[in-house]
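Dear colleague,

I am passing on the structure below, together with some notes on what turned up in it. Please look it over before reading further.

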Amino acid sequence: MSHPKEERTLVLVKPDGVKRGLIGEILSRFEKRGLKVIALKMSWPTKEYIAKHYLGEDDWLEMIGEKNRIAFEKQGLDLKEKMGTTDHKEIGRKVKGWLEEYITSGPVVAMIIQGMHAISTVRKITGHTYPIESAPGTIRGDFSVDTPIAANIEKRAVRNLIHASGDEKEAAHEIKHWFGPEEIHSYKRSDEDVMF
Ligand code: ATP
Ligand code: MG
């Protein structure tokens with residue numbers, strides 16, 4: 001295991017974040033917390049590219065389905081009636097298709113963030129997957145309000161401004177998918193010695 005200060009995670013400002021002019025606002029929240037941007041670029045990805053970003057393996061499909069089950073239950077809504085199925089993997093596959101549409105609808109800004117427990121720290125700054133559930137003070141909780149219920153009625157992905165790797169396995173895969181070693185930079189921030 002590497003030092004917790006050197007953990008890396010991948011963040012995408014999704015097309016809604018870019019089109020709403022929130023690139024700087026999002027980036028600054030990571031920087032203020034003491035996290036370091038070590039790679040950065042804008043690109044307009046293809047569906048094939050995004051299909052390889054979200055691998056859609058069984059455990060990921062399961063996780064998407066389970067998150068949906070909880071959200072619908074909380075609202076007292078019938079998952080089967082709204083999603084057409086209660087099968088977690090089938091829900092996951094449906095969401096993956098919508099995600100491919102969403103993330104290819106405009107340019108995205110991709111970055112690698114490095115710093116103290118970067119994967120979990122960035123997730124905390126990001127907020128809950130569903131903006132309606134995101135706490136104020138998080139990126140999603142301050143700038144968005146979408147719900148899976150609305151998204152499912154409209155057959156589209158939840159618009160939640162950013163993507164952040166969920167765990168070490170996702171981070172390793174996504175960093176390799178988006179950046180070559182020559183695009184990743186090593187440097188010291190002037191406040192590092194004071195912060196930790
Ligand atoms: P991301 O992986 O994009 O950072 P996340 O890890 O918070 O988000 P995941 O559970 O991995 O959330 O879901 C991936 C993305 O799928 C979500 O960010 C959201 O855009 C979309 N999504 C999830 N559930 C639904 C749903 N029921 N309807 C529409 N879109 C959904
Ligand atoms: Mg995720």
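Around ligand 1 there are 23 residues, among which Y54, N68, R123, T129 and N160 are the closest; a residue is counted here if one of its heavy atoms lies within 4 Å of the ligand. A polar side-chain atom of Y54 lies 2.7 Å from an oxygen atom of ligand 1, while nitrogen atoms of the ligand have a polar side-chain atom of N68 at 2.4 Å and one of N152 at 2.9 Å. The protein covers 99% of the 570 Å² of accessible area that ligand 1 has on its own, with areas computed by the Shrake-Rupley method with a 1.4 Å probe.

Please bear in mind that this is a predicted model, in which local features need pLDDT of at least 70 and side-chain atom pairs count only at pLDDT 80 or more, whereas totals for chains, interfaces and linings use all residues. Residues are numbered from 1 along each chain as its sequence is written, chains are lettered from A and ligands numbered from 1 in the order in which they are written, and side-chain values use heavy atoms, with hydrogens and water left out.

Turning to the strands (DSSP runs of E, at least two residues, numbered from the N terminus, as helices are runs of H or I with at least four), β3 has seven of its seven residues buried, where buried means under 20% relative accessible area, exposed over 50% and partly exposed in between, with a 1.4 Å probe and protein chains only. V108, A110, I112 and Q114 point one way from β3, and V109, M111 and I113 point the other way. In a regular strand the side chains alternate between the two faces of the sheet. β3 pairs in the antiparallel sense with β1 over six bridges and with β2 over seven bridges, pairing being assigned if DSSP finds at least two bridges between two strands. A110 in β3 is the bridge partner of L12, and I112 in β3 stands opposite A39.

In helix α10, which spans residues 168-178, the residues A171, E174, I175, H177 and W178 are buried. They lie on the same side of α10 because they cover an arc of only 160° around the axis, taken from the directions from the helix axis to the C-beta atoms. The buried residues of α10 pack against β1, β2, α3, β3, α7 and β4, with contact meaning heavy atoms within 4.5 Å. The face turned away from the buried side carries the exposed residues E168, K169 and K176.

With best wishes

Key. A polar contact is a pair of N or O atoms within 3.5 Å; within protein, one must be able to donate a hydrogen and the other to accept it, and residues adjacent in sequence count only if both atoms are side-chain atoms.
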